[in-house]
Amino acid sequence: MSSTHAWLQRASLGFLWLIPLIALFALALPVIYWGFGGYNFGDNTLVLAETPPREGARLLGFLVGVPATAAWLYALYRLHRLFLQFRKGEFIDARGALHLRAFSLFTMLAAFFDVVTSGARRWAMGEHDAPFWTHININTEHMSLIFAAGVFFMVSFVLVEAQRYKTETEQYL
């Protein structure tokens with residue numbers, strides 16, 4: 001086993017612990033903010049928002065965030081499956097490429113839902129009084145995330161092609 005192979009297996013273990021923790025935060029933080037109205041903890045130790053949700057709009061704010069959160073959770077699930085595969089020492093195969101492809105697609109979908117629903121969430125947070133569909137927010141983080149996920153999506157196809165070339169070469173020899 002090469003040192004890179006061993007390092008990848010050890011690093012995968014770290015991600016196998018980190019991914020569920022990220023998923024837990026992805027579930028807990030919206031519930032804390034929209035469900036309980038908590039937005040600032042400690043002496044600005046954890047700030048979820050500048051103000052609590054708009055009175056009477058907490059359910060709307062929560063529901064509007066569900067599609068992006070669900071897409072993100074599924075993306076994390078597929079990434080977890082990919083790192084399980086890496087941990088077992090299985091690196092390049094069609095199954096791993098499919099996990100990477102699903103992760104990237106659902107990450108892009110989560111970012112898309114986040115952009116599309118941002119006006120409604122911002123309205124429910126009390127940031128503006130205009131109709132909630134008029135204040136769509138897209139920023140460089142959204143664009144960067146969508147771009148990086150698109151790159152991973154393309155890499156997933158490259159991995160499948162590389163595996164196909166490897167198989168053809170092995171059969172030829």
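We'll visit a serine, then a core, then a pocket.

First, some ground rules: this is a predicted model, where local features need pLDDT of at least 70 and side-chain atom pairs count only at pLDDT 80 or more, while totals for chains, interfaces and linings use all residues. Residues are numbered from 1 along each chain as its sequence is written, and side-chain values use heavy atoms, with hydrogens and water left out.

**Stop one: Ser-156.** Select Ser-156 in helix α5, residues 140-172 (helices are DSSP runs of H or I, at least four residues, numbered from the N terminus). Ser-156 is buried, at 0% relative accessible area (buried means under 20%, with a 1.4 Å probe and protein chains only). A polar atom of its side chain sits 2.5 Å from the backbone oxygen of Phe-153. Now show Ala-97, Leu-100 and Arg-101: Ser-156 touches them, not counting residues up to four places away in sequence (contact means heavy atoms within 4.5 Å).

**Stop two: the core.** Leu-100 also belongs to the largest nonpolar core, which has eleven residues, including Leu-16, Phe-83 and Phe-103 (such a core is a set of buried Ala, Val, Leu, Ile, Met, Phe, Trp, Tyr and Cys residues joined through side-chain atoms within 4.5 Å). Helix α2 gives the most to this core, with six residues. Next pick Phe-103: leaving aside neighbours within four places in sequence, Phe-103 is in contact with Trp-72, Ala-75, Arg-78 and Leu-79.

**Last stop: α1 to α5.** Show α1 (3-36), α2 (58-87), α3 (94-116), α4 (118-124) and α5; each supplies at least two residues of the lining of the largest pocket (a pocket is an open set of points on a 1 Å grid over the protein atoms alone, where a 1.4 Å probe fits, with protein on both sides within 12 Å along at least five of seven lines; lining residues have an atom within 4 Å of a point).

Note on methods
Buried < 20%, exposed > 50% of the residue type's maximum accessible area, 1.4 Å probe, protein only. Polar contact = N/O pair within 3.5 Å; in protein donor to acceptor, adjacent residues only side chain to side chain.
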